[in-house]
Every structure is written in structure tokens, then in C-alpha cells.
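Please walk through this structure step by step.

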Amino acid sequence: MHPNIKIKGTRDGISIAVEPGDWSEIRNALLEHIDKQIAFLENAQLTLDVGEHALKAAEMGRLRDQLADRTIKLQTIISQSPITERSAQSLGIGIRAAMHIKHSPPPLNTSIGGEGAVLTKRTLRSGHSINFRGHVVVVGDVNPGAEIIADGNILVWGHLRGSVHAGASGNENAIVCALELAPQQLRISDHISEKRPSKIIKKPKAARLEEQEILIETWPQKKSK
Amino acid sequence: MAGKVITVTSGKGGVGKTTIAANLGAALAAVGKQVVCIDADIGLRNLDIVMGLENRIVYDLVDVVEGRCRLRQAMIRDKRSEGLYLIPAAQTRDKTAVSPSDMIKLCNELRPDFDWIIIDSPAGIERGFRNAIAPADVVLVVTNPEISAVRDADRIIGIIESEEKGPAQLIINRIDQNMVNRGDMITQEDIVELLAVGLLGIIPEDEKVIVSTNQGLPIALDDKNLAGTALRNISKRLLGEEVSLLDLSNKRGFFGKIFAGGRQ
């Protein structure tokens, strides 16, 4: 067996873990290894632990196709790289969080008020999903069919038309704001608002919890009380 | 010749991928280009019917991939257009009979002999769709002015972007200007604003298109038909010509004129 590739059978199928190193070498070794063991791996559902490898979607798609050529379905990716996770998401491949995270936050991550935040500079299209334990900032649109789940606040510098859940782990102070707020569904903590604005006023808006109800106001907010 | 591969796809079914693929093939061949259309919808083949070549199929795409025939043997020459060929899909197999790398290999074999290779993608985002976009140089995303079709187009565009096959170009099919005027149909502006990709063409709703597909006669060869003109214009834009979008608002029917009232 190749020293950089560990393979084992699990309850959910076959699991393969690869070591760090040059990705193209690792990939070739992986495919070579699979070719040798094809009798054992035929029609397998594969969980691939790529560790810290940062795989772009095109690269991951190629690997998925190469595996498909060998009758193997790339079912789940385990990764410590946010780039790889995003690629898997956009290709519709399942993601499982790595068991051991030993590294500092990735470069895209930043912090707001001491809490972690993730910044996405592109439009989230239908099927895209961001799930993050801190704040989420999107510079771009969030289209219908896309979703954001954040433990902190959600800020969208664009049109918000997808589904969002701020304060997902119970933070009732979380807010959602967007240049145009017309979500399919908006949740804060365990409260839900399915009300879509009847008339879309193209003004920035913010949503927050007030007395157990989700309140949506145009921005800047009028000083009340 | 270094042929370009165009994949026509949509996500949602029934929006007009096959009709558009057949008509772009006919329109490009009509101006003297060498064109081959490939039906990638294995198991649900239709492109042969729309092109009127159903009764000439001997070999198909899967036969080529599995080496039962030579590539040339599976290529059916069109009845009317010189320089237009079809590689039909297999009807008795499924999408897994072909892989993305098979499609890339096949297209690379065709590129030296053709100007355009047009792939008619199946609906969906699974294997068949991945087979269809694997060799693509240009991806045309077809949508209808319906929320569900636009939603699926958005999903498809996201996948195309992340697989670095983009930028996708958009075709809005079956616009009914009377419905748009009444405010009962989403407008092309709304669709383009949401999807944020280049608009390659708009095609008006026209029942003659259904007649033409049933008869296997491409509407794009009909000079007097507006939908046919729209399709020809798309083919011209693919060839790099600057053709402005059709102004459908002037082409109101009898009822449209009445209901539009004093509006310009």
C-alpha cells in the first residue's frame, strides 16, 4: 500500500485518508491504488479525508469524475480547508467536519468584535450553503434556494432572497441585514418569519428579535423609545 | 478547423433544450458551417425526432464509446442541411453507459473536422449533465420565464461556475409578451438581474415551434417566423456577429393591441 494513503471499511462504506504533500502526486497514487484494489472497491461509496489539501471545485470535480469512471461514488469529503469545503458544497458532495482541527482560522476568516466571521465575495446561487459558527458576511447576492446558517449575525451587501438563520445556536441578539431583504425564510435563534414583504421597498433593512417576534425595519433605524 | 463545443443545458426539463440544440445546428449549417449535434440524453433520446432523423439510426453514442462502431458510422447526415450531422443517444441504456472523460475524448476526435459541436444535455444535475458539460467550451443555459425554471437555471449556473466551465450564457425561451404586458409573467430584466449572466437571446412563445418539432423541420429555417428569427440571431451571436435582441413588444397579437390600450 502507498505510504500516504490509508484505507478502511466503515459502516457507511469505504473511507480513505490521504496525507499532506503534492496533490497531483497524491491523487495519482490514490487512483493507482484504487485500480489495484478495484475488485474490493467496485461500486463503493467513498468517504475521502483530504486533510489540509485545498481543492478547488474544478479539481475536485475531476477527481469525482475519475472515481466515477472506476464505478466509485465520491460520497463525502472530510476536510480542514474552507476552500475544499466550499468546493464540495458547490458540487453537491457531502461534507463532514474533521475530527481534529489543529490550525488557526483560514485566511478568509476574520473577526468582528472578537468573534470569528467569514467573508464571501460572490453571489450565492441556488444550492449553495454556508454554515458557520460565527458571523457571515456576503458581498454579493443570496439567491432563492441558497442558505446561510450562522451562530452570529448575517450581513448581505446585496439582495437577500434565499433562506437565512442567524443566531442558530440560540443567540437572540443576532441580526440579519441586507441591502434588499426579501428572504424565502428568515430565522433568528428559534424564531421564524416567513413573511415576505408585500411591496419590496428597495432600501437596506435589518431584522432582529424584539419581544419574541422578528421585527424587520428599514435602515437606518428610527430611534424609538 | 478547431471546433468549438457548445453544451445546451437547463436543469429543469421541458424548457426547450433539444429544440434549441436542433435549431442552432440547422442555423449554423445553413450558413455553411460544419456542425455535429450530439444527443447526451441517453435513455430518453429526442434530438433525432426533432431533427427528423429518427428512422435513420443504426449506431449511437454508446456504440461509439464502447467501440462497436467507428465514429463516422454513428454520424447521421441531415436530410436538408449539408454539413449537419447527428450522433444519437442510445435508447436502451442509461447515463452511466458514458463517462465525462468519454465525452471529452469523443469531442476531441470531432474537433478537427467540425466548426461546431452541439451537445444536447439531459435535464438534472447528475451524471448525464456532467457528461454533457465535461467537454464544453461554451455553456448555454436555457430557461423559461417561470420561477421554477429560473431557480434551476441558477443552480446550474452555480455548478458551471464552480467547475470553471463558465461564464454560462443565457437563453430565455417561450416569452409571451402579452402575459408580460399584463404583469402575469416575469420579465427578461428580472431574470437577467437575478441570474447575473450574459443574455445570448430571447425566443418568443410560438405554437408553430411545436408543429415544427413534431415534423422534424427546424423553425430556424423559416425566414418569416419570429421564433425562427430569434434562433437564427442566437446562431449569429455565436459566430461573433452583433445582433440586437428582438423587440417583442411591437409584435402584439390582436388581443394584445386591444388590451394594451393607449400604451405606446
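Chain A of this predicted model holds 4 helices and 17 strands. The chain has 225 residues, and buried residues make up 36% of them. Take the contacts in chain A with a separation of 6 or more. Residues 24 or more positions apart account for 33% of these contacts.

Start with the helix α4(A). This helix is mostly covered, with 8 of its 10 residues buried. Those buried residues are T84(A), E85(A), R86(A), S87(A), A88(A), Q89(A), S90(A) and L91(A). Just after α4(A) comes G92(A), which takes a positive phi of about 75°.

Now look at how α4(A) packs. Two packed helices are described by the angle between their axes and the distance between the axes. The axes of α3(A) and α4(A) come within 9 Å and cross at roughly 60°. That angle makes α3(A) oblique to α4(A). The crossing is right-handed. On the α3(A) side, the residues that meet α4(A) are A57(A), M60(A), G61(A) and R64(A). Their partners in α4(A) are S87(A), A88(A), S90(A) and L91(A). By type, the residues of this contact divide into 4 nonpolar, 3 polar and 1 charged.

Two loops of chain A deserve a look at the backbone. Most residues other than glycine have a negative phi. S189(A) has a positive phi of about 50°, although it is not a glycine. This residue lies in the loop between β14 (185-188) and β15 (191-193) of chain A. Phi of E211(A) is near 50°, a positive value in a residue other than glycine. Is E211(A) buried or exposed? E211(A) counts as exposed, because it has 5 C-beta neighbours inside 10 Å.

Turn next to the nonpolar cores. The largest has 81 residues. The members that touch the most others are C37(B), L61(B), I117(B), I118(B), I119(B) and L231(B). Helix α1 (residues 17-30) of chain B supplies the largest share of this core, with 8 residues.

What does I119(B) touch, leaving aside its neighbours within four places in sequence? I119(B) is in contact with V5(B), I6(B), T7(B), V8(B), I38(B), A40(B), A132(B) and A136(B).

L84(B) is a second residue of chain B to follow. L84(B) lies in strand β4 (residues 84-87) of chain B. L84(B) is buried, because 27 other C-beta atoms lie within 10 Å, and 20 or more are enough for that class. Leaving aside its neighbours within four places in sequence, L84(B) is in contact with G25(B), A26(B), A29(B), V35(B) and D78(B). V180(B) is 96 residues from L84(B) along the chain, and their C-alpha atoms are separated by 36 Å.

Finish with a helix pair in chain B. Helix α7 (residues 147-162) and helix α9 (residues 188-195) of chain B have axes that come within 10 Å and cross at roughly 30°. That makes α7(B) roughly parallel to α9(B), because angles under 35 degrees count as roughly parallel. The crossing of α7(B) and α9(B) is right-handed. From α7(B), the contact uses V150(B), A153(B), D154(B) and I157(B). From α9(B), the contact uses I191(B), L194(B) and L195(B). The residues of this contact divide into 6 nonpolar, no polar and 1 charged.

Definitions and conventions
Residues are numbered from 1 along each chain as its sequence is written. Chains are lettered from A and ligands numbered from 1 in the order in which they are written. This is a predicted model: local features need pLDDT of at least 70, side-chain atom pairs count only at pLDDT 80 or more; totals for chains, interfaces and linings use all residues. A nonpolar core is a set of buried Ala, Val, Leu, Ile, Met, Phe, Trp, Tyr and Cys residues joined through C-beta atoms within 7 Å. A residue is buried if 20 or more other C-beta atoms lie within 10 Å of its own, exposed if 12 or fewer, and partly exposed in between; C-beta atoms are placed from the backbone. Two residues are in contact if their C-beta atoms, placed from the backbone, lie within 7 Å. Axes are lines fitted to C-alpha atoms, for helices over the stretch in contact, and angles run from 0 to 180 degrees between N-to-C directions. Angles under 35 degrees count as roughly parallel, over 145 as roughly antiparallel, 65 to 115 as roughly perpendicular and the rest as oblique. A crossing is left-handed if the near helix is turned anticlockwise from the far one by less than a right angle, and right-handed if clockwise. Ala, Val, Leu, Ile, Met, Phe, Trp, Tyr, Cys and Pro count as nonpolar, Asp, Glu, Lys and Arg as charged, and the others, Gly among them, as polar.
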